[in-house]
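Trainee: I am new to this structure, and I would like to go through it slowly with you, one question at a time.
Mentor: Gladly; let us have the sequence and the model before us.

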Amino acid sequence: MTAVCGEDNSLVAVAVDAMDGPLVRLGNIGLTARAPSEVRVELQKLALREGASVRVNWSGDPEVEAWGISMGAAQEQGLTPEGYVQRLDTMITDALLVGPELAKNPFGSEPVSRWHDVRDEPPHPGTWPVRAEQERQRWDWTPLKSVGPLRFGMKPLEVAAALSEQPTTRHGRFPFGAPWEGLGQWILEEDRFDHVGVSAHYASGFSWPPALGAVTIHGRTGPQVEFADIQLIGRTVSAVDTALTQHVEERDLSLVIGCGGDLGVEGLNMFVRASRAGDVLVSEARFCQEQWEDHG
């Protein structure tokens with residue numbers, strides 16, 4: 001649980017963690033550590049009875065201004081028989097609870113926005129359609145060099161041309177942080193291509209132009225990529241984790257673990273990630289050049 005305080009150190013918001021936080025109830029509704037769709041339905045029914053309005057927040061989850069509630073979700077974790085933490089294929093709810101002064105826009109208000117800045121996150125509609133396997137493109141992957149038509153080192157215009165699509169959204173930064181935000185030349189860090197289902201991540205800086213350093217294949221919509229006959233995209237995360245673990249054990253190789261417990265095979269700079277699909281997760285993957293350090 002995280003307490004968010006204002007400038008005078010008064011409590012203005014409480015964020016309840018999905019896995020480790022207390023079980024929070026609103027009347028007869030359990031808000032946390034449950035399937036998101038179940039909580040959504042129960043909140044909508046209660047709001048209808050009490051005349052409250054339910055909207056969709058930045059993550060696609062319900063938010064009720066009248067009650068100061070903004071719901072979210074996180075990947076559930078469990079333990080292996082050996083006692084190690086493992087990621088599961090299900091999402092469970094967390095919650096941000098705020099006072100009336102922040103209820104109109106919880107994540108867009110200070111100091112919550114400083115604690116968890118979601119300004120660069122595209123607003124989610126609250127639905128998670130998954131592209132059928134037969135509708136996905138099939139891409140080859142050459143470790144540390146290329147994935148599909150994208151070669152590491154490409155310029156942004158070359159990436160867009162190879163995908164025959166203009167970026168849906170672009171993320172970047174200025175070379176200076178606050179209080180000088182907005183000064184200097186804007187530096188491109190990521191292009192998202194929603195039709196193809198990929199994100200391009202660029203190595204760039206003040207003195208060098210953006211060059212493609214990593215590619216994320218989106219789990220719900222992206223092309224299918226295989227490694228050692230293992231389909232990496234759009235499957236249950238646990239199935240891919242199990243297959244990768246078996247692959248390295250049979251060949252006396254090593255697994256590496258990236259951000260959020262993402263699994264990869266040592267030396268390939270590829271990480272299998274998890275993408276939300278409503279109450280569950282599907283696998284996606286990030287493919288990186290040799291010098292790329294995956295931070296999230």
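Mentor: Two strands pair if DSSP finds at least two bridges between them, and strands (E, at least two residues) are, like helices (H or I, at least four), DSSP runs numbered from the N terminus. This is a predicted model, in which local features need pLDDT of at least 70 and side-chain atom pairs count only at pLDDT 80 or more, while totals for chains, interfaces and linings use all residues. Residues are numbered from 1 along each chain as its sequence is written, and side-chain values use heavy atoms, with hydrogens and water left out.

Trainee: In which sense do strand 11 and strand 12 pair?
Mentor: Strand 11 covers residues 146-147, and in this part of the model Val 147 stands opposite Leu 150 of strand 12. Two bridges connect strand 11 with strand 12, and the sense of their pairing is antiparallel.

Trainee: How far apart are the C-alpha atoms of Leu 31 and Leu 43?
Mentor: Leu 31 sits in the loop between strand 4 (29-30) and helix 1 (36-50), and its relative accessible area of 2% is why it is buried. Leu 43 is among the residues that Leu 31 contacts beyond four places in sequence. The two lie 12 residues apart along the chain, and their C-alpha atoms are separated by 8.9 Å.

Trainee: Which backbone oxygen does the side chain of Arg 87 reach?
Mentor: Arg 87 belongs to strand 8 (residues 85-98) and counts as buried because its relative accessibility is 8%. A polar contact (a pair of N or O atoms within 3.5 Å, where within protein one must be able to donate a hydrogen and the other to accept it, and residues adjacent in sequence count only if both atoms are side-chain atoms) joins its side chain to that of Asp 262 at 3.3 Å. At 2.8 Å, the side chain of Arg 87 also reaches the backbone oxygen of Val 272.

Trainee: Which elements each supply at least two residues of the lining of the second largest pocket?
Mentor: Of the 17 residues that line this pocket, the closest to its centre include Arg 87 and Asp 241. A pocket, on a 1 Å grid over the protein atoms alone, is an open set of points where a 1.4 Å probe fits, with protein on both sides within 12 Å along at least five of seven lines, and lining residues have an atom within 4 Å of a point. The elements that each supply at least two lining residues are strand 8, helix 4 (237-250) and strand 19 (255-257).

Conventions:
Buried < 20%, exposed > 50% of the residue type's maximum accessible area, 1.4 Å probe, protein only. Contact = heavy atoms within 4.5 Å.
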